[in-house]
Amino acid sequence: MKRFGLLLAAGVALLALGSPAMAADANPLPPAAVKAATDIQAKALAGSGAFGFVESLTVRVGPRLAGSPAAKASHEWAEARFKELGLSNIKVEPFTVDGWERGVESATITTPVAHHLHVSALGHSVTTPPEGITAPVVRFDTLEDLEAAPDGSLKGKIAFVDKKMTRLQDGGGYGEAVGVRGKGPEAAARKGAVALLIRSIGTDSHRFPHTGITRYADDVTAIPAGALSNPDADQLNRVLGLGQPVNVKLVLSSQAMGPLSDANVMAEIKGRELPEEIVVIGAHLDSWDLGTGALDDGAGVGIVLATAKILKSMPQAPRRTIRFVLFGAEEVGLVGAVAYAKQHAAELPKHQVGTEADFGAGPVITFNAAVRPEAKPVIDAIGRILSPLGIVPGRGPSGGGPDIGPMAAEGVPTGGLGLDGTDYFDYHHTADDTLDKVDPKKLDQAVAAFASFVWMASESPVAFGPLEKKAK
């Protein structure tokens, strides 16, 4: 924390004094845009107010499962915040989502020794019978090992996939491990299993299991699926290591709720010169139901609202329209993002860029973008203006964020502001995702980065896109 404070102080000093990298003669951005961006950063670092928005959302609404009454309450909360900020063109755009409810969940090793296991149903898991399922456990290292098992070899058994996630600052270990959550139930069912248990997709050593959405194929019987906390997965391994048959009793009473209503909530600051061209900054309102969704994605919501607050206070409106989008139903398959791309298909070619805050509470540590070659000098200049915040060029292509994906597939350029994910997957999708994990100062730095980026994107003298559509 002390080191982060020193870095911020150094960044503020550079912003105040100016930097050779920001010299007007080396910068394709208008000098007024550069000055405005540095002013925005200084305002955010002095106290953006983002933490207050996160606190309000997590206290006044709490967890926000897609399609639930709490999700509707979050839409009303967001609409009220946009009105308080004085934004224009406020809209609540509804769509339909498949609802789901968690219910009771428990797991117990019954033989050869009794041990209670901490388990969480995977999102949209089907229910067990009321009395539960008691069956022998068969362990696999990876999803690929499960898929390679002989057909019928798991008949009457519970499959257990023990893939561990690697801790990386950019969260890259998640992509390597998460496949078993989505594809595991189908794979286990095809081998005859009556249920699936997985090691949580997370990096912590606490007894908080990590939930997350799963999928079922139409041509196999759906089976109950749950995630064990990492320490409980370790304990199950130890019991299996005794060399005796191991039986587990699993009880999950989760159930489908049918089609339910959800929504995206959005508002704008209208552009002064090119109002038909749009810069999108987003986050998602929904969360899983175990914690209060403070990191995933209350922090992102706070970043978006604090950005709106600062940009609305600027002496003049941005050159292009800035649209603030709080997406619904991200956790259950980007349902709101897909709905947005469909509902706004006609204006997507006019979207200058899209970016999303959905990776915790900061700080931002990397920046990259996917734009037309003609706009690369502007992106390089933006990177230089972000650098006093401790931000360096990111590796690989920019996706912009999960909810930006469907519009990016249609050719919308993206800006990637990479948040520090070192500890993010300690809390992701668990009961431990609560407000005390949010550091206000780190959140302020993230606002400084996102707010100054979207302002500079709106002021760019060249268009960032459109790009070629991605093959489907």
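This is a predicted model: local features need pLDDT of at least 70, side-chain atom pairs count only at pLDDT 80 or more; totals for chains, interfaces and linings use all residues.

Reply: Residues are numbered from 1 along each chain as its sequence is written, and side-chain values use heavy atoms, with hydrogens and water left out.

Me: At what angle do helices H3 and H4 pack?

Reply: Helices are DSSP runs (H or I, at least four residues) and strands likewise (E, at least two), numbered from the N terminus. Axes are lines fitted to C-alpha atoms, for helices over the stretch in contact, and angles run from 0 to 180 degrees between N-to-C directions. H3 (residues 50-60) and H4 (residues 69-84) pack at about 150°, their axes 10 Å apart. The pair is therefore roughly antiparallel (over 145 degrees).

Me: Which residues of H3 and H4 make the contact?

Reply: Contact means heavy atoms within 4.5 Å. H3 contributes Phe53, Ser56, Leu57 and Arg60, and H4 contributes Ser74, Trp77 and Arg81.

Me: Is His351 buried or exposed?

Reply: Buried means under 20% relative accessible area (1.4 Å probe, protein chains only). His351, in strand E13 (residues 351-356), is buried at 2%. Beyond four places in sequence, its contacts include Ile278, Tyr340 and Met407.

Me: Which side chain of opposite charge is nearest to Asp297?

Reply: Lys and Arg count as positive, Asp and Glu as negative; His and the chain ends are not counted. For Asp297, in helix H9 (residues 294-312), the nearest is Arg64, 7.7 Å away. Asp297 is buried yet has no salt bridge (a side-chain nitrogen of Lys or Arg within 4 Å of a carboxyl oxygen of Asp or Glu).

Definitions and conventions: Buried means under 20% relative accessible area, exposed over 50%, partly exposed in between (1.4 Å probe, protein chains only). Angles under 35 degrees count as roughly parallel, over 145 as roughly antiparallel, 65 to 115 as roughly perpendicular and the rest as oblique.
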